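Hi everyone, thanks for coming.

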Amino acid sequence: RMFHDDELEESEKFYVGQPRVLLLIYALYNTLVARSEMVCYFVIILNHMISASMITLVLPILIFLWAMLSVPRPSKRFWMTAIVYTEVAIVIKYFFQFGFFPWNKYVDYTKDKPYHPPNIIGIEKKEGYVHYDLVQLLALFFHRSILKCHGLWDEDEQGDSSSNKEDTDDELSLTGGRRDSSASLKSVNLAASVESIHVHFPEQQTAIRRKSSSSISQLSHRSSFSSHRSKRDIFKIINHTTLSLCFLQCKLRVIKSHCGLCCFRTLQVYVPIRQFFYNLIHPDYSAVTDVYVLMFLADTVDFIIIVFGFWAFGKHSAAADITSSLSEDQVPEAFLVMVLIQFGTMVVDRALYLKKTVMGKVIFQVILVFGIHFWMFFILPGVTERKFSQNTVAQLWYFVKCVYFGLSAYQIRCGYPTRVLGNFLTKSYNYVNLFLFQGFRLVPFLTELRAVMDWVWTDTTLSLSSWICVEDIYAHIFILKCWRESEKRYPQPRGQKKKKVVKYGMGGMIIVLLICIVWFPLLFMSLIKSVAGITNKPLDVSITITLGGYQPIFTMSAQQNQLKDLNQSDFDAFLKNYTGNTAALQFLEGYGREDITRADLEGNSNSLWTISPPSREKMIQGLLDFTAEFTLVLSWSIQSCCICPTGHGMRHCAKADPGPVVFCNWPGGETRSFCQTLEEVYPYYIKAPSDSLAKPIKQLLRDCKWENITVSLVKNVSHEGVREWWVLNQLGKRHKTDQESLELYIFSDKVSPPSLGFLAGYGIMGLYASVVLVIGKFVREFFSGISHSIMFEELPNVDRILKLCTDIFLVRETGELELEEDLYAKLIFLYRSPETMIKWTREK
């Protein structure tokens with residue numbers, strides 16, 4: 001061994017011998033120490049998600065536009081800014097907790113108002129107002145101690161002083177070595193890699209001109225003989241010199257006017273920020289990386305959150321459902337805006353990735369950070385009329401978007417990859433990549449959209465059709481390569497029959513799947529109501545009777561207490577009455593006690609009979625004319641909780657025999673006339689299906705005959721005038737009552753649960769037409785079109801074709817567009833020549 005220490009070995013043995021729980025704690029602590037800056041970022045973002053105020057908004061923006069963009073790590077100045085800002089925020093929040101402030105007297109009234117000024121600023125009075133700020137301060141101090149422990153806390157200042165010394169020496173050599181300046185400007189160091197610019201001002205204006213002219217002349221002279229300095233270094237010096245001249249001119253304006261002082265202060269802030277982003281866009285060294293896949297995944301998660309939680313981004317849609325909204329042909333505005341914004345950012349991000357422009361990505365990052373924070377914390381609370389801290393879905397969306405911001409900042413800091421070759425799922429040839437890639441291609445319009453976007457934002461000589469042709473060939477060859485690799489890993493010996501596990505596993509699964517598809521509608525419609533069906537109780541039952549097309553003579557409804565469920569004894573007695581009746585028992589097998597409802601309707605009509613005297617005379621003449629038919633129409637309406645109102649009208653056409661007209665005096669001046677029995681006009685048993693009109697049940701009627709009812713007209717003469725109404729009474733009631741009334745038994749079909757209603761609504765024939773036949777068409781194409789693709793499917797070795805496709809991608813990225821055309825022509829000739837294809841795909 002080159003190095004041996006007994007104490008280190010003893011220490012290692014000691015830690016290895018500790019319990020696993022303690023080792024896990026050690027590992028978690030080491031992870032925490034290694035990523036202490038990520039812990040600080042997480043706590044700051046969490047604090048802002050919960051507080052959602054202007055006070056906590058500053059640090060998240062600084063994280064995404066300063067800390068995460070710093071190379072190689074955030075500077076001491078950032079961490080000191082975060083610590084001091086957190087301390088000041090704690091003091092401010094504590095100061096405004098006193099009760100003498102006017103807005104603290106109505107806390108219960110204003111605490112849920114999103115646009116209340118103290119709530120926006122973050123100075124409202126509330127319990128636990130400073131808890132998360134203290135946790136944030138503790139995390140910042142913890143990270144500060146870690147940096148000090150590793151000697152990284154003061155590293156930035158040392159690096160700045162050395163770089164400043166280099167810059168000063170360069171400036172002194174360029175300006176003739178003058179060091180006696182009267183003032184100097186110190187720039188704000190925004191990152192460890194940012195070089196501070198110090199500009200020295202001479203005492204006299206003439207010296208300034210000489211210095212500037214001599215600086216430019218000596219700069220050109222120095223660049224002529226300094227061959228070791230690169231063009232970038234020379235550009236930096238020119239840039240610094242130009243900025244120095246700006247500072248000199250600004251200093252002269254300070255002497256002359258007060259406006260110059262404002263310009264001078266503005267440049268003090270603007271120049272370091274400009275230099276920070278300039279160094280970010282034009283780095284000395286670039287650690288190229290590619291995190292586009294992770295950014296795309298974060299955007300996809302946000303897209304899913306919007307689709308399934310769109311109600312959180314609207315005002316009056318807290319209980320809405322996207323499926324119900326779309327089924328009613330209504331697109332919520334909040335859903336539309338969020339989807340378009342999210343999709344638009346994904347398209348722009350793809351364009352920047354293909355163009356590899358860091359400057360565009362930086363601009364897009366700045367716009368997106370400010371735009372998202374302004375939308376989520378200032379616009380959205382007003383739209384939803386609830387605070388951001390009370391919107392869980394919006395908080396989840398914002399957290400995932402913060403992950404995207406972090407990945408985007410890391411991409412900017414490291415730079416885009418030099419070459420973008422193929423799909424990220426095609427990097428390996430295994431079953432996981434194969435199935436993921438095929439799933440990716442099954443998403444509607446995703447493959448086409450990606451191909452068109454790649455063609456638009458990639459330099460190429462190929463037309464769109466040729467580009468799509470290459471993409472399709474590459475996808476097909478990749479799938480074949482995965483299958484060939486799987487055959488190599490799991491070889492099948494020659495002359496050996498297939499194992500039963502494979503035959504019954506794969507073949508049996510396909511057989512079961514095809515059988516399920518064929519019989520799916522029948523199984524679904526039969527099981528959906530018998531197993532998972534919901535009892536559809538009626539809410540309102542109405543009866544209406546009309547004589548000869550005149551105004552209805554009787555209307556009555558039964559609701560609430562008048563709709564009664566059968567108890568077990570009544571249900572058993574009901575079944576006993578149909579013992580031996582095969583048709584009735586077969587019908588009753590599909591219904592349980594909870595599916596039967598008895599409606600008790602009052603015999604007296606709930607509306608007066610208001611008919612004109614001429615119509616009354618005509619109706620009497622029609623009833624007395626025994627040679628003509630007089631029509632009686634009895635209609636019913638059943639309204640249930642899960643279906644629309646259903647109704648049905650029945651016509652009883654017969655020679656009407658009015659029977660004996662009886663006049664009898666009733667107490668209170670009431671007389672009853674026209675007492676008539678109507679035979680076989682009342683259905684008594686009604687079936688209320690979920691998808692059609694309610695119909696009478698003939699299987700339960702005695703000898704398939706309807707029930708008889710009596711109708712009579714009641715006249716009441718009083719000082720208010722003459723009032724008439726009709727009274728009905730059912731003769732064959734099961735529950736005998738002294739009062740005149742009607743009974744109606746309703747058999748309600750079970751309905752499918754709301755979650756499966758979109759399938760059950762199609763019916764059996766609808767499911768066969770829309771599901772089975774469509775799937776059958778695709779299955780038939782798969783089984784019948786194999787013979788036409790043998791030439792392109794049965795390729796023993798696809799490595800050379802795959803390499804040719806990869807070469808096309810490579811020369812395109814390197815700008816060799818003529819070579820791209822030649823390789824594409826070679827690929828097309830290969831697919832046109834079967835003989836050449838055989839030679840190219842032989843096993844080596």
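Let's begin with the largest pocket: 32 residues line it, and those nearest its centre are Q438, I479, W483, F782 and E793. Keep in mind that this is a predicted model. How much space lies in the largest pocket? About 1,400 Å³.

Which helix gives the largest share of that lining? It is α20, with ten residues. Four helices supply at least two lining residues each: α18 (431-442), α19 (446-456), α20 (464-489) and α28 (790-793). Sorted by class, the lining of the largest pocket holds 18 nonpolar, seven polar and seven charged residues.

Now turn to the surface. There you can find a nonpolar patch made of V501, V502, M506, I510, L514, F782, F783, I786 and I790, and together they have about 890 Å² of accessible area. The largest share, five residues, belongs to α21. One member, I786, sits in the loop between α27 and α28. Is I786 buried or partly exposed? With a relative accessible area of 44%, I786 is partly exposed, because that value falls between the 20% and 50% cut-offs.

Next, charges. Side chains of opposite charge can pair when their charged atoms come close. How many salt bridges does the structure hold? The count is 23, and I'll show you a few.

First on my list, R441 and D472 meet through their side chains at 3.7 Å, N to O. R441 is in helix α18 and D472 in helix α20, so to speak distant parts of the chain, 31 residues apart. Both partners are partly exposed: R441 has a relative accessible area of 32%, and D472 is at 43%.

Another salt bridge joins the side chains of K537 and D565, at 3.1 Å, N to O.

Then look at R616 and E724, whose side chains form a salt bridge at 2.7 Å, N to O. R616 belongs to helix α25 and E724 to strand β14, so this pair ties together parts that are 108 residues apart in sequence. R616 is partly exposed at 23%, whereas E724 counts as buried at 10%.

Finally, find R350, R450, D454 and E471, which are linked in a network of salt bridges.

Key:
Residues numbered from 1 in each chain as written. Predicted model: local features only at pLDDT ≥ 70, side-chain atom pairs only at ≥ 80, totals over all residues. Heavy atoms only, no water. 1 Å grid on protein atoms, 1.4 Å probe; cavity = no way out; pocket = protein on both sides within 12 Å on 5 of 7 lines; lining within 4 Å. Points joined across faces, edges and corners; volume = space filled by probe spheres on them. Nonpolar A, V, L, I, M, F, W, Y, C, P; charged D, E, K, R; others polar. Patch = residues over 30% accessible without salt bridge, like charges linked within 9 Å, V, L, I, M, F, W, Y side chains within 5 Å. Areas by Shrake-Rupley, 256 points an atom, 1.4 Å probe, with all protein chains shown as cover. Salt bridge = Lys/Arg side-chain N within 4 Å of Asp/Glu carboxyl O. Buried < 20%, exposed > 50% of the residue type's maximum accessible area, 1.4 Å probe, protein only.
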